[in-house]
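Reader: Hello! Could you help me learn to read this chain, step by step?

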Amino acid sequence: MTSADKFGIAFSIGITVVMIAIVLSFGATGKSAPVAPVAPTPMPVPPTPEKPMEEVPEAIVEEAPMEETPEEVPAEEEVPVEETPEEEVPAEEEPVMEEEHEEMVMSADVSIPEGSSTPGCEADNACYVESDITVGVGAIVTWTNDDTAAHTVTSGTPTDGPDGVFDSSIVMSGATFEHAFEEAGQYDYFCIVHPWMTGKVTVE
Ligand SMILES: [Cu+2]
């Protein structure tokens with residue numbers, strides 16, 4: 001072997017050793033690796049956590065409020081606002097109108113109950129039943145004598161006497177008397193035969 005061959009072998013061995021050393025150094029430490037691997041490692045690492053960290057919260061924050069808030073707010077406000085006035089307004093007005101119409105009774109029946117010819121019914125305002133009624137203008141009220149005795153339905157009061165608005169005169173047992181109230185007002189009436197019997201009709 002010549003010196004050149006030896007040098008070549010030595011050189012080859014030296015290269016090989018250097019290569020191995022380099023490889024080991026890369027594999028073992030990794031830190032001493034060239035700038036290339038070190039730089040890329042930290043570069044992607046920070047961006048990766050930073051991007052997802054920023055994107056995730058931003059995406060959630062933006063999507064949650066942007067999509068849910070606007071959809072729920074208008075949906076809740078518009079729906080109830082529109083339904084509430086439409087339902088409540090007519091609902092309140094219609095019942096009132098119905099109640100008023102219901103109160104505007106255009107016909108009523110009043111009974112002269114059995115036993116009213118005997119004092120005592122006045123204690124419970126039960127000499128006429130009902131003894132105090134309210135009807136609408138133009139309503140017709142019919143009194144029925146359900147007692148065995150005869151009675152009258154005479155406008156006025158026992159104290160001041162008949163006022164001439166209406167007077168049934170004698171109503172026999174089982175008979176009826178009716179009167180149409182064409183004008184609003186309060187009409188007191190009583191029984192001429194039994195002055196403790198009083199009643200009232202309110203026309204409105
Ligand atoms: Cu009477």
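Author: Gladly! From the N terminus on, the elements run α-α-α-β-β-β-β-β-β-β-β, which makes three helices and eight strands. Helices (H or I, at least four residues) and strands (E, at least two) are DSSP runs, numbered from the N terminus. This is a predicted model, where local features need pLDDT of at least 70, side-chain atom pairs count only at pLDDT 80 or more, and totals for chains, interfaces and linings use all residues. Residues are numbered from 1 along each chain as its sequence is written.

Reader: Which strands form the open sheet, and in what order?

Author: Two strands pair if DSSP finds at least two bridges between them. Here three strands form an open sheet in the order β1-β3-β6, with mixed pairing. β1 (107-112) and β6 (176-181) stand at the edges with a single partner strand each, so one side of each has no neighbour in the sheet. On average, neighbouring strands of this sheet are turned by 20° against each other, direction ignored; the axes are lines fitted to C-alpha atoms, and angles run from 0 to 180 degrees between N-to-C directions.

Reader: How many bridges join β1 to β3?

Author: Six, and β1 and β3 (residues 139-145) run parallel. One to look for in the structure: A108 has V141 in β3 as its bridge partner.

Reader: Do β7 and β8 run parallel or antiparallel?

Author: Antiparallel: six bridges join β7 (residues 185-190) to β8, and G185 stands opposite V203 in β8. Strand β8 (residues 198-203) is also joined to β2 (residues 132-135) by four bridges, and β2 and β8 run parallel. There, D132 has K200 in β8 as its bridge partner.
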